[in-house]
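Good morning, colleagues. I would ask you to look at the model on the screen while I take you from the chain as a whole to one helix pair.

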Amino acid sequence: MTLKIWNWNINGMNEKKKRNKIEQFLKKKNLDIICFTRNARGKKTQKILINKRLGNEFASSDKEKKRGVVLYIKNKIEAQQIFKDEEGRIIAVRIKWQGENLIVVGIYAPNGNKTEFYKTLEEKLFEYMDQKIISMGDMNGVVSLEMDKLREGTSKEGKLPKSFFSLIKNCNLIDIWRLRHPLDKQFTYYSEPNQSMSRIEQIWISSELSPRTQQIEIKPKVISDHSPIEFELKSFEERTFRWRLKDYLLNDQEIVEKAQKKLTEYFVDNCNKGTKTKVVWDASKAVMRGFFIQQNTIKNKNREKGKEEILKQIMDNEQKLIKKPNSSKIKENIKVLQAQFTTIINREVEWNIKKLRQRNFEFSNKSGKWLAWQIKKRKEQSTINKITLEGEEITNPKEIRKGFLDYYRRLYKNKERNNLRKIERFLKDKKVQKIPTDKKDQLNTPIEIEEIKEVIKDLKRGKAPGPDGFTVCYYKEMKSILMMPLKEVMNNILREGEIPETWKEAYITIIPKQDSDLTEVKNYRPISLLNTDYKIFAGILAKRMKNILLEIIHKDQAGFLPGRQMKDNIRNIINMMEYLSARNDKQAIMMFVDAEKAFDNVVWDFMLKNLEHMEVGKDFFNGIKAIYTEQKAKLIINNVVTEEIKIQKGTRQGCPLSPPLFTTVLEVLLNSIRQNKKIKGVTIGQNEYKIKAFADDLVIMIEEPTTTVKEVLEEMEQFGEVAGFKLNKRKTKMIVKNMDQSAIEIMQQQSQIEVVKKVKYLGIWVTPKNIDLYKNNYEPVWNEIRKDLEVWGRMKLSFWGRISTIKMNVLPKLLFLFQTIPIIKGNRVFKEWQRAISRYIWQGKKPRIQFKLLTDIRERGGFALPDLKLYYEASCLCWLKDWVKLENNELLDLEGFD
């Protein structure tokens with residue numbers, strides 16, 4: 001991995017056309033730090049500097065529009081300004097890159113009184129002298145008149161002052177370009193009036209950084225009258241290359257046709273020739289990877305060919321000009337070539353503006369990705385700069401990766417070996433529910449082309465691929481050729497239980513958990529990036545499984561099954577709180593269970609034995625066992641791929657099979673709690689309410705808690721010994737009803753689980769008193785929406801665009817609350833919301849259309865702005881639906897207790 005830096009003296013950045021040219025020229029270079037000097041920028045116009053495509057800006061400008069210096073630092077790099085001057089001459093920023101602190105200084109030195117300027121700079125840098133420094137910019141002077149300046153006569157003007165050399169000596173800085181080019185004469189600026197050339201743009205770095213310099217070059221003059229300098233600094237370690245298919249290649253019909261022809265020839269030459277199907281399949285990916293790499297190289301060369309040729313000619317002519325500084329012909333050639341290059345850049349800029357305007361015209365008023373990107377909150381850089389291990393703070397990138405690697409190596413290691421007999425006895429005692437014979441046949445029929453087509457159709461474009469690098473677009477474009485061989489591979493797995501080697505691989509990327517200490521390794525969620533062909537196979541098995549689990553899994557489990565929703569669980573809990581508030585003679589608790597790394601701790605032996613006891617059938621079992629016999633993965637930490645680790649337990653988050661498999665495992669525990677007579681649920685009439693679950697989010701409701709809690713914990717412990725389930729007592733919480741303080745303290749002491757006044761369950765804050773539901777849920781959500789409306793109001797969105805933002809970002813948040821806790825009384829709240837939305841839609845001006853017309857449907861001449869009151873009323877009717885149907889006796893008995 002390298003830190004890419006670009007230093008450039010640019011004049012006239014107030015002109016939008018020039019800024020567009022600069023952005024077009026630089027955006028393909030993937031730069032991390034850009035330093036612009038002499039940018040004709042004043043404080044009054046500093047907003048023009050903002051360009052998030054280049055990075056976060058750190059600028060110093062003078063009071064007039066004469067000079068300035070700006071540093072653009074890429075968003076993913078943590079950066080903090082440490083000092084700047086008020087004259088537009090100096091800006092200094094501390095960055096944290098790959099665990100290393102660097103001081104980056106942008107300099108635009110004055111023409112006169114350079115002695116005092118460099119003395120002042122040395123004073124400012126004094127306290128940072130022991131740190132690694134990268135200093136760059138226009139020094140307005142040269143180090144050596146002999147090597148860095150070309151002018152007729154013997155004038156000694158233009159040499160940097162002694163104070164500059166004092167600065168570089170005391171800060172231990174070196175001229176990295178001169179170090180790498182000791183005998184070369186190359187210049188960055190040509191002065192027409194003085195007929196002189198000089199190397200006044202320079203990059204000076206701490207001497208300890210010099211061995212890590214990968215590249216330092218003076219580039220040809222284009223767009224500006226100064227040559228830019230490109231500098232690359234290697235990190236402590238090289239970044240691992242990860243190939244990914246460029247989807248734009250599949251937009252080229254000629255490349256698609258070539259790929260289809262190559263793939264067809266490959267399968268004709270290799271299928272049914274005695275080689276195992278899985279080997280032929282894996283090798284096809286290697287062949288096509290080589291083909292696409294070749295096509296991408298050709299396409300890139302053709303695209304940049306014209307520009308690269310012109311840049312080479314400019315560089316050649318500049319070298320000739322050094323030898324013949326008075327040659328008017330060479331100067332004219334350079335000007336012609338620069339004009340040609342500018343024409344190409346202008347053409348690209350114009351084309352990009354047309355595309356941008358077209359996209360803006362097509363999508364800016366519609367709910368979708370384009371508008372969502374415009375209004376989304378920009379996330380802070382996701383680089384992990386430090387972690388804590390055993391109380392010690394770690395900042396070294398190698399040590400950070402090692403910390404994560406060691407943690408996941410331990411997590412995925414199966415310590416419960418040779419436990420099959422114990423698992424067998426446990427499952428026999430629990431009497432696992434069997435799958436009916438007719439349903440078993442559905443699980444075990446050979447995979448058909450139509451199933452593969454359906455899963456490929458459902459796959460979403462733009463998702464990160466697995467280790468093989470093949471994206472969803474590849475399978476969508478090439479499905480006519482891929483489906484028959486893929487079908488053979490899949491059915492071979494069901495028959496013989498062997499999967500291709502590439503299906504055993506995964507990358508694990510880690511996502512930080514919200515509202516948690518991100519220096520703790522355990523507070524990151526591991527998501528597996530799996531190969532698309534594997535996900536197609538797993539998706540087919542998951543679809544078959546989900547349809548059957550609807551009849552096997554108890555309706556208390558609402559997670560990942562068609563037709564079951566989390567709002568049912570919330571409704572049950574709120575109703576139970578209401579009932580227990582009315583029946584204050586009943587002591588009860590609700591235990592909100594948190595399992596530690598629930599998906600990652602599932603023991604494979606238990607999961608497979610459980611499927612055997614469910615009698616899923618031989619072929620289906622072969623498919624699952626083939627997946628959960630051998631797995632391996634590499635972690636991606638700060639874009640660096642670690643060494644491989646073995647996976648010996650857990651269901652992979654990111655795999656379509658993971659949710660239904662986890663549900664079957666957890667159902668064993670839930671059934672144990674339901675069937676245990678010593679665990680007393682809350683009894684209402686003939687119904688006993690014990691448990692509600694949404695995947696691993698469990699709520700256990702019990703009466704007589706002082707004696708019953710112990711039984712619940714024992715059931716979890718016994719299940720955990722064979723299945724890998726681990727109760728996180730620190731995060732598990734209890735809400736109590738109708739218990740005195742002494743009983744609460746005894747129960748807390750016995751169970752080591754905290755009793756709290758408020759718990760967040762499935763996105764809803766639950767309290768012992770339902771009267772607090774509005775205050776704890778609606779008010780915080782509306783306050784957040786109100787802040788968003790203020791931010792979006794400052795954006796240049798159209799009238800239709802503003803209506804779409806309400807549909808996309810406001811309605812879903814409130815609709816979730818309407819559906820889960822429809823508790824609003826009266827119209828006052830809706831009127832307040834209506835006023836805020838109307839103010840946003842009309843940008844604080846007087847409304848020109850009645851709100852009623854705004855919320856009417858388009859067919860009647862309305863604008864389809866969501867009517868929040870109408871959505872709320874519809875959500876209330878959904879609750880009443882159960883009372884109309886009179887089918888869900890458990891719900892009706894609970895809600896109709898009084």
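A residue is called buried here when its relative accessible area is under 20%. By that criterion, 53% of the 898 residues in the protein chain are buried. Please keep in mind that this is a predicted model.

The C-alpha trace spans about 110 × 75 × 65 Å along its principal axes.

As for the fold, the chain contains 28 helices and 30 strands. Consider next the contacts between residues at least 6 apart in sequence: 71% of these join residues at least 24 apart.

How is the chain divided into domains? The assignment places domain 1 at residues 2-234, domain 2 at 399-766 and domain 3 at 772-895. Taken over C-alpha atoms, the centres of domain 1 and domain 3 are separated by 52 Å.

I come now to the helix pair. Helix 16, residues 532-552, packs against helix 20, residues 658-675, at an angle of about 35°, and the two axes lie 9 Å apart. Is this crossing left-handed or right-handed? The crossing of helix 16 and helix 20 is left-handed.

Which residues make the contact? Helix 16 contributes Ala542, Met545, Lys546 and Leu549, while helix 20 contributes Pro660, Leu661 and Thr664. Sorted by class, the contact between these helices comprises five nonpolar residues, one polar and one charged.

Notes: Residues are numbered from 1 along each chain as its sequence is written. This is a predicted model: local features need pLDDT of at least 70, side-chain atom pairs count only at pLDDT 80 or more; totals for chains, interfaces and linings use all residues. Side-chain values use heavy atoms; hydrogens and water are left out. Axes are lines fitted to C-alpha atoms, for helices over the stretch in contact, and angles run from 0 to 180 degrees between N-to-C directions. Helices (H or I, at least four residues) and strands (E, at least two) are DSSP runs, numbered from the N terminus. A crossing is left-handed if the near helix is turned anticlockwise from the far one by less than a right angle, and right-handed if clockwise. Contact means heavy atoms within 4.5 Å. Ala, Val, Leu, Ile, Met, Phe, Trp, Tyr, Cys and Pro count as nonpolar, Asp, Glu, Lys and Arg as charged, and the others, Gly among them, as polar. Buried means under 20% relative accessible area, exposed over 50%, partly exposed in between (1.4 Å probe, protein chains only). Domain bounds come from an automatic or database domain assignment.
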